[in-house]
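Here are my notes on this one, as promised. Have a look at the structure first, then read on.

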Amino acid sequence: MNQRYVWGLAGLLAALGFTIFAYKWQALGFPVTRNQEVPVYTVESSIGFDSGPGSIKVNLHIPTLTPGFRMLSENSVSRGYGFSLNYGTGGRVAQWAIRRADGPQRIYYRITVYADPDSDESDTTPPFPPPPVIIEPFRTAVDVIVAEVREHSADTASFTSELLRRMNDPTPDPNVELLVSETGSFAELVESVTTILASARIPARVVNGFRMEGQQRDAEFLVWLEVHDGDRWRYFNPRTGEEGLPDDYLVWWRGNEPLLAVEGGSNVDIGFAIQENHLDAIAIAEARATQRDARAFDFSLYSLPITTQAVYSVLLMIPIGALVMVVLRNLIGIDAFGTFMPVLIALAFRETRLFWGVVLFTLLVALGLSIRFLLERLRLLLVPRLSAVLIVVVLLMLSISLVSHRLGMETGLSVALFPMVIISMTIERMSVMWEEKGAIDAIRAGFGSLAIAVAAYIFMGMGWLQHLIFTFPELLLVFLAIVLLLGRYTGYRLLELRRFRALANE
Amino acid sequence: MMFRIARRLRERGVLGLNERNTDFIMRLNPRKLYPRVDDKVLTKTLAIEAGMAVPELYGVIDNQGAVRGFPKIVADRESFVVKPAEGSGGEGILVVTGRSLRKRDAFRLASGLIITEAEIEHHISNIVSGQYSLSGTPDKAIIEYCVQFDPVFADVSYQGVPDVRVIVYRGYPVMAMVRLPTRASDGKANLHQGAVGAGVDISSGTTLQGVLDDEIVTEHPDTGALIAGVRIPQWDFILESAARGFEVTGLGYLGVDMVIDRNLGPLILEMNARPGLNIQLANQAGIAHRISRIEEIYDPAATPAERAQVARREFPAAGVSTPVSEAAAG
């Protein structure tokens, strides 16, 4: 009954810990390894124009729905302009307005995005487009093309593909050639494709965007085609007719409204620059959690002030040390002084580094112990005796620091970081054990403590483990589960096999 | 290799520390009962109430004011022992074997030194202030009968105080050993300090081979005498007293330490709530099988004497062919 209860509780704790861990890792993208960086792209549009005499109004389409990407931040820089956001048919429109301005003006809009394959936000279902009004002779050409393409296709998608294939044919048929000859740029060609699709009662629109690859000083819009099949929007490469959107394609704006409109200004120019940066994955996870309104980040250690974070980064190592100690003491069977003394010594090792830590610890305990034996002869009461040992330990630490400083060994100064109370208690317990159980047991337990401290230091110093615990403190529940189970472990300790080996052979 | 040893030990019923702590001590020894064995005054009082043989208690001094009453306590005594009630490891024990021939207020210690009454009172004062108590709290000084050791173990011990330990599981004696002091152990019957532990055949009360620092030994390291084959006197009484330790303490997993007095026979010295596991090495046998056997035949109504007889019947050591009746007769 009792055993089942422990197993149940441990299972529950472990499951809870792993579930939160999995959610934060998989859904919110908290990084499991340290210094994990995620590429982020900053697209900067710079609008320049000469101001006219009157008020100025600048409208710029900016990204709204961006499949494959999520926005991390956006901002605009302008001198004295009022800023507002509006929604047009092609998505969000940023508007800058000013009553009067002098000379050349420049306005910047900057957006930072990161890739997120889960982001497949699609627009609402549009109404069926009204049949476009087309003048002859184009009207006949369009009708013929629509009729022919319809014959060679089965549904909206194959209709679009077939149409695009024909429009891009290097040796087009006369109807297509007539339409193509009327378009000046490729963007216009895609627009005429939407017109043809509209006359086939298929909602379609031009998509403008950039490919997010490396640094681009003068980024060029890449035109794409978006077609609604009655169920969802589908993307087509207008050059080849293939369906799909490149992974690194950021949709800037949709439709055929102009990208930029400047009222009251002249000599308008606009340029786009794309910059790729790398940002700590934690920041991305934070942004994602905020967007999803996930509570996980509110309770993350990363939301604490930096100084508090530093404290916790050390504190969270202690459970690791405790786990190491449970394993070494209850599974291996190493003797040690004090329950948590080795873990605290291991914490001190973080400052002194391992080699000097071991040297200083051994030196301190050995010297303290010899002085403790002198005190033994005085037959002091417990509390005064412990206080005397504590004072001796402080004096020893002081003299070790002074001597090593004289000798030019600055590492000796770090002896001050040892927990002096813990060292005093260790010396006291070691001398009591020395009396009660003999020197061999006492020295063995002393080295046992040191061995556990070293092992705990090694595990507590593992960067990936530190990161894992700090980012996913819920894993401590798993630690708790393991410790609970080890608390019910009734098998032999490893060293008992040696101790009782005489009983193992006949 | 490792797993083979572990399996082999499991087959032989060897109990490990983890199992002892979780399955026996934590389950059978409620912490609230610990004072009954940790405080030697309480242990003695309870043992006397239960009609057990203990070294006679001459007096207890539990405050500094009472220290002056010491001469009165020992007025009619020639020999006695002064020890702290919560001491451990044999610290602070004063063994007085007689009075000085010339002066009535001077005493002779076991080592032959002479000590004055004032010096003993100072020592008692130190005990009361907690000098020998590991927790550092005020303690009590016990003045009790000085055991006259039976010569039965004279050949196999070097000075000091040999004692008999019996492990009692839910009132049934399951395993026993004799702890023999050596020169290395400084006369103390403490296995950690180098005393020899000799297994005892529960059914006959005869010593088996010994163990010294986890190694099997057949001869005492100082006297050279054979350890095996010593017949412990009044074995029935020892087992019965040990079994009664369960009624006295309520502890289901108990170690009972006894000494054998030349005139008074076996006396209970102290009891232990977490007895060590070396006894298995001394007996060359695991304790777990015996415990599960007790679980099978456990009878809550059995008297201590009946339980002692059950132990004699159930646990004959391998290779020792002493019939129960003959041993009982001896």
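At what angle do helix α9 and helix α13 of chain A pack, and how far apart are their axes? That is where I'd start, keeping in mind that this is a predicted model.

1. **The α9/α13 pair.** Helix α9 of chain A covers residues 341-352 and helix α13 of chain A covers residues 439-460; the two pack at an angle of about 55°, and their axes are 8 Å apart. With that angle, α9(A) counts as oblique to α13(A). As for handedness, α9(A) makes a right-handed crossing as it passes α13(A).

2. **Who touches whom.** On the α9(A) side, the contact is made by A:Met341, A:Pro342, A:Val343, A:Ile345, A:Ala346, A:Leu347, A:Phe349 and A:Arg350. From α13(A) come A:Ser449, A:Leu450, A:Ile452, A:Ala453, A:Val454, A:Ala456, A:Tyr457 and A:Met460. Sorted by type, the residues of this contact are 14 nonpolar, one polar and one charged.

3. **The chain as a whole.** Stepping back, chain A contains 17 helices and twelve strands. It has 506 residues, and 45% of them count as buried. The accessible surface of chain A is about 25,400 Å², with 60% of that belonging to carbon and sulfur atoms. Taking the contacts in chain A with a separation of 6 or more, 76% are between residues 24 or more positions apart.

4. **A:Arg201.** Here's a backbone detail to look at: A:Arg201 is not a glycine, yet its phi is positive, at about 60°. You'll find A:Arg201 in the loop between α5 (186-199) and β7 (204-211) of chain A. Its relative accessibility is 40%, so A:Arg201 counts as partly exposed.

5. **A:Asn267.** Another non-glycine with a positive phi is A:Asn267, at about 55°. A:Asn267 belongs to a strand, β12 (residues 265-280) of chain A. Is A:Asn267 buried or exposed? Exposed, because A:Asn267 has a relative accessible area of 60%.

6. **A:Ala287.** This residue is part of helix α6 (residues 281-291) of chain A. A:Ala287 counts as buried because its relative accessibility is 15%, and the cut-off for buried is under 20%. Along the chain, A:Ala287 and A:Ser73 are 214 residues apart, while their C-alpha atoms are separated by 8.9 Å.

How values were computed:
Residues are numbered from 1 along each chain as its sequence is written. Chains are lettered from A and ligands numbered from 1 in the order in which they are written. This is a predicted model: local features need pLDDT of at least 70, side-chain atom pairs count only at pLDDT 80 or more; totals for chains, interfaces and linings use all residues. Side-chain values use heavy atoms; hydrogens and water are left out. Axes are lines fitted to C-alpha atoms, for helices over the stretch in contact, and angles run from 0 to 180 degrees between N-to-C directions. Helices (H or I, at least four residues) and strands (E, at least two) are DSSP runs, numbered from the N terminus. Angles under 35 degrees count as roughly parallel, over 145 as roughly antiparallel, 65 to 115 as roughly perpendicular and the rest as oblique. A crossing is left-handed if the near helix is turned anticlockwise from the far one by less than a right angle, and right-handed if clockwise. Contact means heavy atoms within 4.5 Å. Ala, Val, Leu, Ile, Met, Phe, Trp, Tyr, Cys and Pro count as nonpolar, Asp, Glu, Lys and Arg as charged, and the others, Gly among them, as polar. Buried means under 20% relative accessible area, exposed over 50%, partly exposed in between (1.4 Å probe, protein chains only). Accessible areas come from the Shrake-Rupley method with a 1.4 Å probe; for residues, only the protein chains shown count as cover.
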